[in-house]
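This briefing concerns the contacts between chains in the structure shown below. Please read it alongside the sequence and the model.

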Number of protein chains: 4
Amino acid sequence: MFVESIKTPGLAQLSYLIGDGNEAAVIDPRRDCDDYAQMARQRGCRITHIFETHRNEDLISGAPILSEITGAPVHHGPNAAGDVTYADTVREGDTFTFGEMTLKVLETPGHTDDSLSFAIYDDNFGEQAVGVFTGDAMFVGDVGRTDFYPDRAKEVAGCLYDSLEKILSLGDQAILYPAHGAGSVCGDNMANREFSTLGYERDNNPMLQIRDRDKFIDRKVAEHHEQPPYFRTMERLNLKGAAPTRRVLTPPALSAEKFDQLCDNAVVIDVRGISAYLGAHLPRSIALPEDMIPAFAGWILDEQDELLLVAESSEQAEAAARHLARIGFDHVLGYLDPALPGWAAAARPFDSVPVVDVDEVKARVADNGEQWSLLDVRGRNEIEEGVVSGATTIYIGHLPQQLEQLSKEKHYTTMCASGARATIAASILRRAGFQHVDVFLGSMGAWQAAGNSVTQ
Amino acid sequence: MFVESIKTPGLAQLSYLIGDGNEAAVIDPRRDCDDYAQMARQRGCRITHIFETHRNEDLISGAPILSEITGAPVHHGPNAAGDVTYADTVREGDTFTFGEMTLKVLETPGHTDDSLSFAIYDDNFGEQAVGVFTGDAMFVGDVGRTDFYPDRAKEVAGCLYDSLEKILSLGDQAILYPAHGAGSVCGDNMANREFSTLGYERDNNPMLQIRDRDKFIDRKVAEHHEQPPYFRTMERLNLKGAAPTRRVLTPPALSAEKFDQLCDNAVVIDVRGISAYLGAHLPRSIALPEDMIPAFAGWILDEQDELLLVAESSEQAEAAARHLARIGFDHVLGYLDPALPGWAAAARPFDSVPVVDVDEVKARVADNGEQWSLLDVRGRNEIEEGVVSGATTIYIGHLPQQLEQLSKEKHYTTMCASGARATIAASILRRAGFQHVDVFLGSMGAWQAAGNSVTQ
Amino acid sequence: MFVESIKTPGLAQLSYLIGDGNEAAVIDPRRDCDDYAQMARQRGCRITHIFETHRNEDLISGAPILSEITGAPVHHGPNAAGDVTYADTVREGDTFTFGEMTLKVLETPGHTDDSLSFAIYDDNFGEQAVGVFTGDAMFVGDVGRTDFYPDRAKEVAGCLYDSLEKILSLGDQAILYPAHGAGSVCGDNMANREFSTLGYERDNNPMLQIRDRDKFIDRKVAEHHEQPPYFRTMERLNLKGAAPTRRVLTPPALSAEKFDQLCDNAVVIDVRGISAYLGAHLPRSIALPEDMIPAFAGWILDEQDELLLVAESSEQAEAAARHLARIGFDHVLGYLDPALPGWAAAARPFDSVPVVDVDEVKARVADNGEQWSLLDVRGRNEIEEGVVSGATTIYIGHLPQQLEQLSKEKHYTTMCASGARATIAASILRRAGFQHVDVFLGSMGAWQAAGNSVTQ
Amino acid sequence: MFVESIKTPGLAQLSYLIGDGNEAAVIDPRRDCDDYAQMARQRGCRITHIFETHRNEDLISGAPILSEITGAPVHHGPNAAGDVTYADTVREGDTFTFGEMTLKVLETPGHTDDSLSFAIYDDNFGEQAVGVFTGDAMFVGDVGRTDFYPDRAKEVAGCLYDSLEKILSLGDQAILYPAHGAGSVCGDNMANREFSTLGYERDNNPMLQIRDRDKFIDRKVAEHHEQPPYFRTMERLNLKGAAPTRRVLTPPALSAEKFDQLCDNAVVIDVRGISAYLGAHLPRSIALPEDMIPAFAGWILDEQDELLLVAESSEQAEAAARHLARIGFDHVLGYLDPALPGWAAAARPFDSVPVVDVDEVKARVADNGEQWSLLDVRGRNEIEEGVVSGATTIYIGHLPQQLEQLSKEKHYTTMCASGARATIAASILRRAGFQHVDVFLGSMGAWQAAGNSVTQ
């Protein structure tokens, strides 16, 4: 009797392979789902069922694809926003058995109307649940967001409250298996801890300390979460079922000449690390380091864009293509090999972005010139904890749409928490034709570590 | 500038990834062809062309599948037996460039009418070929079989002679890259050596020592080769292009109960080692050790059979399914887990086959009883080198069709070279209802090592 | 903040890598311990501490070896039977921090005098433990054995009772991380479940339902556990620190000729599956399937024996050598390649063992002949649940020392639960010169599944 | 019968596993030599012999280490500069057999006095060699350097001429297996092709077209090769036998704080890509991208230096440590995780280096100012093909020792072929206290691609 978690980096999504004897189930598979079948093989199991805790909005579900591979049916909750064409509907109290493990369905709406939790039991022992898969209802240190039905904000927050009560009633002994870990956009305050129990959460999860239903609702309604535009695509695909990924995700290696020919009709994204972009990059390329793709590609790229990658290696290009495929960006034409300095050695143009440190920024702030502005691209929750006095604030995700708020005549220094998102922002500005852009490396981290104050 | 060979075990088929700079080609890809794309990735290449030396008859071509994955076109020779729908036609003298390597097409019919060879050149050096891909025209220590056009036997043998002359004219310095190595049914006398050159073969390959065209033709026409019935399926699929393999080849693990339910309408094949089958096996199962599948499945199984596997482990089941997929057997329902003794512990029936050693066989031969017969299942070429006096000979591949030559009243001891094919034969007899069957373990190897004589 | 468990198959030993940020610790590493360093690398951690829950008696500790590799100190409990030369001593209440995770030492003697448990805390949350590493004190569904100090049986059983109370006082919410899972000789009744919590165990673990200290002591004192003789070697090595394994564990492949030369002074163990041994094996070889090595090698082999392996493949030979190395058998000279039938094809001698099924055994039992005996080699706890009437019982582990209880004049049919241990037993008898031996395949499983009764 | 080549990247060193049946040999193993044993396992072989073509000066030999692992003896040529303590001496005509393959020793001095070649033969065929391992005597497209005995320059060049004649006399059909491929410092003009034969080289290798012994000697004596100072260390270690590498090469991950503590007594090397260093790096760190370590670490680092790494990931840190270990740099204390921008976010200092393009450099050259200088760090052979007018030339390897030729008052723009070595040079200047340094990205490649002229 086993539970194995499979974490999708960047999205911090957690899927699970569970089973006993020769039978196994997968909960919330991601799009590139061959791995589950391989893991089941190593456990000596065949996959007999696939469960979804809810219709995912932040990544493409692999459920219909894994179902095709394995022949196992997909089970989904009632009340999805549309017809989940690849799944049948399960309801409160339905049970499924794998070897001597039994899984029982709980309807736990709130995050979405179709949200389910799944409690698991060891048939050889007593009647208590040993664990529970909570989807996006309960996380380690946080609970699910409830902002997907703006018209029914209070109603769904109340639903979530009731669902959490239902989950907690399984008992303190139950191990918690949520659908996301720290780093997901599905919750801002998750603990950086990969394991917990209902008992531990009941006493320690800040949201579960709010024992009053109305106060809980008020708190949830007041929360702010970002919704990247690609969520809409995910929701659509996760009703009708997305196509499998390509069998081989590695983009082809392209010579400088070949790459150049394709550039005009494609978006060039530089998936190397932040520093590499700053040092030298292709003009008009967008900085989107491989591990930041899951969080930011959905804000910046359009589903239909043809993409060209600048990468350090074929491995990095493949990793980038995998991240992109998980959220529906399949049109990767290839990657530049060799990247810089090979590109430059053919006398092709390149660019770089200067970095400035905390002392320089402090001096500029003090100088308070009209032609310079500090552009802070952090999210609303971070901004609310304080900004450098005088900074302009536009969330990185909104920047492509709000460039008209800025002036190409001015000199901008971008900042965020450390300098990573600031570099993405700088690349967006540069691509849009802003000439005077540099990056505050270290950003708010350095600002505060150096003892400077913030305003709220 | 590189050449990497990819060997398909069992079939001893050799395919190649070649390339330079960012560009690569694949020659004669097999059906499970994701590997080529991965290898190209590691070399920093994109695959720009796929070549076939001829229409394969012993395995499913991966050319149309790899073409789909990579977008690269497939190139095939003229005069295929039908229309190779997935390829364009290339001819003598056509050239293709990869970085600074050039590939040049030679028409080298004989083995088949559409056979091509491909010479490769280093553009930075002189005009000599550095290597040549000879398909099934020339092997290390042997040349291609010419028995596929029985009506034109002499004509095609003469074609091969001329093609070999053409290949040798590339010069002694050229490295030989054939489409098969030792162990293939495409040649009986290949050397057990993975590397050679035209110069070495010119002086050492026995077939190339026959410098007279007519004598060469006589020699080829007199050769005997087996043609397993699945060759017909391969030829058909390799004109129209076969479907890709399943993304995950591992068959599902099946409990004894589940397995039993499926048994009636399926063929059970025992892919464990020879000894394991002899020790204990499921009644009516056919012995077909995993590594013998490529050579013998095509004789024993029908394309439409639903298959159930008895395997030691999921890894072995997967390896078996992979071998089966490469030659077109896709209907694998699952494998028994646990196998023996788990099956027996549920009081389900099992069988075993006794083994006898050389002393026992010698005594039986001397005894010369009417009720006992030694059944030698080796191939014609082996039989011609000598048999145990009095043995009945039926080639293992023909056994399923020629059982009526044997009597169920008699006691048979099966033999081959070592005991492996003899065990497969014993399993065929047992499945057909023969009661008195045992296996001469060690077989002709032991017979001769013990100093016994053979008759011809 | 993560906990990763690493399971050593066969021994069902569980070790753990835990950590947060850049810092990690390993709990109870096994001898082949490069894996821990690799896993830490993948987590972006350096290993700063190594902990042992107690001095292991069933496998070689990797703590001193991993300490040498990483530079991290080893921490061990007080009151080890001797001086653990490679470790310092930690005591109740000592704490260690990894990133924002804190580990706290609990002294929990009983299984051994030096037994420790380690509770872990998330510094960002409340004061409750999130998990506890219990070593051999508490398992999923069972508690530790207390038979290592026969003179102090009641005392140490009482210690364990108190230790369990101490552990449970951490609270229902704590996740349980024991040092063994189902299949270990360190507990007979562990659940076949890889996850649990203190809360679940408090209500469901049968041993924890005994709330009376004296009754608990009586129950523990009445238990029977086997102690393989190699435990003494492990205890010795785990005080002074064993040497690392060889860097490459694969034994060399040996031709039949070479193998034969080495046979006289070595023990030949056949690590293939049970069926393969039954079908054909080298005379005098001992059946010890690769996956049964951890459980039975320590009963049958002597620390100083030079070992030769018969294996299906180099992978299997390597797996066998790895199992052997983990329990201190380092003298593996090589493996036979090819095994059967290649060995037989050189006219070298081989043997086989007949199998009999439940019907045949039933008939023999009914026949009740003097010259035949059923030899049941299961353990005492299994025997107590019932035997076939008339069977002789000797535990497989004791068989090599108790052969004088049997007569070489008689015919023995060996049995166990399924036929696996029965095959090992048959091989021991054959090696000792017993001529008339066969194996009841299916054994007690088949006996009962076929509806036959047992006597107690 | 097989030959597998194992390439050590960066050094472009080629070692080989060869064998037949159950027996194999390794030729010129590198220090991290577990791989050979694993490969032999996959081939079903045991390693029975280890051969060295000569005492390596550019990397640590793994021969004594592999000998310890496998028990196989090491064979080395006569006349090594000292006593190769771990090897016995083999001489012209000695033969060794592996299955049905025979290896025969040829003494082929010239590159070194102890240089051997090894011809291989297929015992089943004629008397010609099928292949030859030429060590550093003959390469694809080039021959070995002969500058290691300056006092005997003409003598050893003549020796090499004679040795090449001896090798060529094996016949055109022999496949060439050299000890280095393109990219090695052991030859400047090797072809970028991984395969060749004696026949192809005889007609196409430029050095083998010099058919006059005296002209050959003159040509060799006139050649220029660099000798990095670490060659001395390698020569010393390869007489007495170096220690094995650490079992786990991954350096520990270090937090910014921990890293900072260790900085004072260590050399910080930045193993990220060139662009990343240019964009942002730790002050005083040396740019040494992971894949450039083999070529340049031996010039810049001292054997005793304690090293700290700045890497993008643990994988990159491990790759860097592996490269370092192969050439004797074992004192790697750890790597910074997270690197930039994490380091900056703690308000720790960082630096960057500006890049300039070909237009800017052209303008500066035209301007011809006194305060600016173009510093070209390419090697002598490259310099001889032309430089930008007015450039100062110091080979990158000599730069650390020749800084006194430069003035800290001046502004330097470093250049090489593409900008990679120029970045290393810039980091050396910056570490030495030069304030005004930038890098000509694209360098000579861009200069010429843009149509600018060079002077000689």
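The contact between chain A and chain D takes 33 residues from chain A and 33 residues from chain D, two residues being in contact if their C-beta atoms, placed from the backbone, lie within 7 Å. The model is predicted: local features need pLDDT of at least 70 and side-chain atom pairs count only at pLDDT 80 or more, whereas totals for chains, interfaces and linings use all residues. Residues are numbered from 1 along each chain as its sequence is written, with chains lettered from A and ligands numbered from 1 in the order in which they are written.

**Chain A facing chain D**

- Helix 8 (274–279), helix 11 (342–345) and helix 15 (443–449) of chain A each supply at least two residues of the side that touches chain D; helices (H or I, at least four residues) are DSSP runs, numbered from the N terminus.
- Helix 8 of chain A gives the most to this side, with six residues.

**Chain C facing chain B**

- This contact takes 33 residues from chain C and 33 residues from chain B.
- On the side of chain C that touches chain B, at least two residues come from each of helix 8 (274–279), helix 11 (342–345) and helix 15 (443–449) of chain C.
- Helix 8 of chain C gives the most to that side, with six residues.

**Relation of chains B and C**

- Chain C is superposed on chain B by a rotation of 180° with 0.0 Å of shift along its axis (RMSD 0.0 Å), by least squares on the C-alpha atoms of residues with pLDDT of at least 70 in both.
- That is the relation of a two-fold axis.
- The copies meet through the same surface, because 100% of the interface residues of chain C are also interface residues in chain B.
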